[in-house]
Amino acid sequence: ESGEHEKLPSRVRLSAKVVADAGIKTAPVALKSLPLTVDLTGEVAADPDRVAQISARVPGRVADVRYKEGDRVQAGALLAVLESADVARARADLRSTQARAQVAQQNAQRLETLARAGLAAGQEVAAARAEADALSAEAAAAQRTLLTAGAQGDNPSVARLEVRAPIAGTILSRDAVRGQTVSADHVLAVVADLDSAYFVGRLFEKNIARVHSGERAEVRLNAYPDEVFIGNVERIGNQLDPTARTVVARIAIKNRDERLKVGLFGKARVAVADATPTPPQLVVPLNAVVRIAEEPVVFVRQTDGHFEVHPVKLGRSAEGQVETLSGLRAGEEVVVEGAFTVKSVVLKGSFAEED
């Protein structure tokens, strides 16, 4: 797409099977008045409810590491193995408590038998039963603590602890190497589920009254200038930055094709409901517009089944739609889903029907 390739066809034809398999859909060009917009600069951030900091939980030494920064992991995936003297002591204490609980249980049962024969006092039986129950509860709690920490197996000589991912997601950071000594609160890794994320924009004080939660927003990131991520304003902050005179506006967006990276900078355009309407223009969905040789085009489906390339001049955009100032007529059927499939056929320069 350097602009130096041979002249591309202006019309292509796709078989009905290709159209169906690619999910190509069309919609008519409409005459519509788009709302006014407010622009916000900001960056991509992970949803704090979808982030997990994974700490060692016990002091020890890193014996094995099974992950790297950028890896995608599933919930429960083994990330690291620690060797800890504290785990070994906890296992030994557990075995000791379990043994004492077993002896106390046998003693309580013996006294209950004697009590039924009138050979033991009820108070003595009650005390023995209370001691047995207390030791059993103590052993169960110690075992749950070991399991929660990641310690597996019952061998008291094993000092290893497995660190597993609590959620599915992407490893954002890693701070663990083999042989490293770590404390209980040392963060070994940060995992984030980036399927849904936030664009955290800065809303200037003068525009606070114009932007409301629930409004549609278009997010364009510097890393992908030709792509648009559609979202909604989920929350507007209540604390004003005294220096920049802005508040934080969080826009929820979906991670398409794993494009979103924490920290990517860009701009969001939010539709606002102002009293003065703008003049109506021909509009199409933003995902109907693709670029060929750096020029915006849309694909118009003709009555004979061909798809025709229409270069367009674009105007303002809002709510996931964009004005087309030239290149289209009202009512023409444009490709709104599957435009990249049609684009790939055009770039092949094939006039023949695709199979």
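Four strands, in the order S5-S12-S10-S7, make up an open sheet with antiparallel pairing. At the edges stand S5 (51–55) and S7 (72–73), each with a single partner strand, so one side of each is left without a neighbour in the sheet. Within this sheet, S10 (residues 169–174) and S12 (residues 187–192) run antiparallel and are joined by 4 bridges, with threonine 170 standing opposite alanine 192 of S12. Strands here are DSSP runs of E of at least two residues, and helices are runs of H or I of at least four, both numbered from the N terminus; two strands pair if DSSP finds at least two bridges between them.

The model is a predicted one, in which local features need pLDDT of at least 70 and side-chain atom pairs count only at pLDDT 80 or more, while totals for chains, interfaces and linings use all residues. Residues are numbered from 1 along each chain as its sequence is written, and side-chain values use heavy atoms, leaving out hydrogens and water.

Turning to the whole protein, there are 4 helices and 24 strands. The C-alpha atoms fill a box of roughly 105 × 55 × 45 Å along the principal axes. The radius of gyration (over C-alpha atoms; globule rule 2.2 Å times the number of residues to the power 0.38) is 32 Å, whereas a compact globule of 355 residues would have a value near 20 Å. Of the 355 residues, 40% count as buried, meaning under 20% relative accessible area with a 1.4 Å probe, protein chains only. Among contacts (heavy atoms within 4.5 Å) with a separation of 6 or more, 75% come from residues 24 or more positions apart.

Terms used. Buried means under 20% relative accessible area, exposed over 50%, partly exposed in between (1.4 Å probe, protein chains only).
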